[in-house]
Amino acid sequence: MILVRRFLTVGVFCLVLVGLTAPAWAAQDGQNSDAFVVLSGPADVPRGEQVGDLVVFHGSSSVDGTVNGSLTAFDAPVTISGRVDGDVVVFNGRVALARGANVTGDVVSRDDPILASGATIGGTTRRVQTNVNWEGFGWAGRLAWWLAVSISTLLIGLALLWLTGRGATRIEDAGRTGIGPSVGWGLLAFFGLPILAVIALVTIVGIPLGLGLLAALALIYTLGYTATGWIIGRRILGARTAWVVAFLLGWGILRILALIPIVGGLIWFVAVIFGLGALTVAIWRARSADRAAPAAAG
């Protein structure tokens, strides 16, 4: 949990830096080799200009110049008429290579890319599956997914409370007395951690951190979800009830609500955010208390 707090601090710093940059161009000298990250908006590379690795989260990307690295788009159509010295990976959006376009690496996208005559790809073209069509499995598939998530959250929640011991009371107290800070820190953690991971991936030194953080996101989000379940159960049953019973009640309420279409997804989103924030506030308060104790003793 201390590592989560440190990641949040670094994430705030990175978000501030990204927010201060213009969402259109990363440099004006035409010979830029730095990474170009766009959160929302056009990520365009005009003819005669160069950038390093190019990452766009939401918007669009048009490459008429040169990308000296990989091009990664999460939710954006990509049009290339220039050169990309690396891979092109598009999770959601159309990929079009105009006449004269040159991609030296692979092109990975959800749909097959549109290739004009004269466009060249040095590697291979592959399709990436970004979602699982559970509708094709009917109720059996959705029930199996619900059971898998339920068992996972149950085991992780029990492990979290058992490992924290008396610290679990601080989590409940943070959720009860620090609602505003919990929501704020939870939003920052939910959106900031994946952004921080992607930013780290575009630098050679930060690749291990980025990969590790992306791999840990599912666990981190689950910890937030189960923390909210614990807070709900404890608030309903009170402090005298055994912690296992309180957690099972809150967890059960969340899992029953998860069966409701659309509402279940919204409940998950709110629960993860609030739980992550409560964990962060609890850690902050515990650290502040530990620092204050030696000072009071002195």
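Modeller: Buried residues make up 39% of the 298 residues in the chain, where buried means under 20% relative accessible area, exposed means over 50%, and partly exposed is in between (1.4 Å probe, protein chains only). Before we zoom in, bear in mind that this is a predicted model, where local features need pLDDT of at least 70 and side-chain atom pairs count only at pLDDT 80 or more, while totals for chains, interfaces and linings use all residues. Residues are numbered from 1 along each chain as its sequence is written, and side-chain values use heavy atoms, with hydrogens and water left out.

There are seven helices and 14 strands in the chain; these are DSSP runs numbered from the N terminus, with helices being H or I over at least four residues and strands being E over at least two. The part I'd zoom in on is helix H6, residues 243-257.

Which residues of H6 are buried? They are Ala246, Phe247, Gly250, Trp251, Gly252, Leu254 and Arg255. Here's a handy thing to keep in mind: an α-helix has 3.6 residues a turn, so residues three or four places apart point the same way.

Arg255 is the one I'd click on. This arginine sits in H6 and is buried, with a relative accessible area of 6%. If you skip its neighbours within four places in sequence, Arg255 is in contact with Trp146, Val149, Ser150, Thr153 and Tyr225, contact being heavy atoms within 4.5 Å. Of those partners, Trp146, Val149, Ser150 and Thr153 fall within the residue range of helix H2, 138-164.

Val244 belongs to a nonpolar surface patch of about 540 Å², along with Trp162, Leu163, Trp243 and Leu248. Such a patch takes residues with over 30% relative accessible area and no salt bridge, joining nonpolar side chains (Val, Leu, Ile, Met, Phe, Trp, Tyr) within 5 Å and like charges within 9 Å. The elements giving two or more residues to the patch are H2 and H6, and H6 supplies the largest share, three residues. For scale, the accessible surface of the chain comes to about 15,600 Å², and 67% of that belongs to carbon and sulfur atoms; the areas come from the Shrake-Rupley method with a 1.4 Å probe, and for residues only the protein chains shown count as cover.

The structure holds six salt bridges, each a side-chain nitrogen of Lys or Arg within 4 Å of a carboxyl oxygen of Asp or Glu. One of them joins Glu172 and Arg176, with the closest N and O atoms 3.6 Å apart. Those two are four residues apart in helix H3 (residues 167-177), about one helical turn. Glu172 is buried at 9% relative accessibility, whereas Arg176 is partly exposed at 38%. Both belong to a network of salt bridges that also takes in Asp173 and Arg285.

Another salt bridge pairs Arg127 with Asp111 at 3.9 Å, N to O. Arg127 is in strand S14 (residues 125-127) and Asp111 is in the loop between strands S11 (107-109) and S12 (114-115), so this pair ties together parts that are 16 residues apart in sequence. Arg127 is exposed at 56%, while Asp111 is partly exposed at 39%. Then there's Arg83 with Asp85, at 2.5 Å, N to O; these are partly exposed at 34% for Arg83 and 29% for Asp85.

Last stop, the strands. S3 (residues 54-63) and S5 (residues 71-75) pair in the parallel sense over four bridges, pairing here needing at least two DSSP bridges between two strands. S5 also pairs in the parallel sense with S8 (residues 88-90), over three bridges. Follow Thr72 across: in S5, Thr72 is the bridge partner of Val55, and in S8 the bridge partner of Thr72 is Val89.

Note on methods
Expected span 1.5 Å × (residues − 1).
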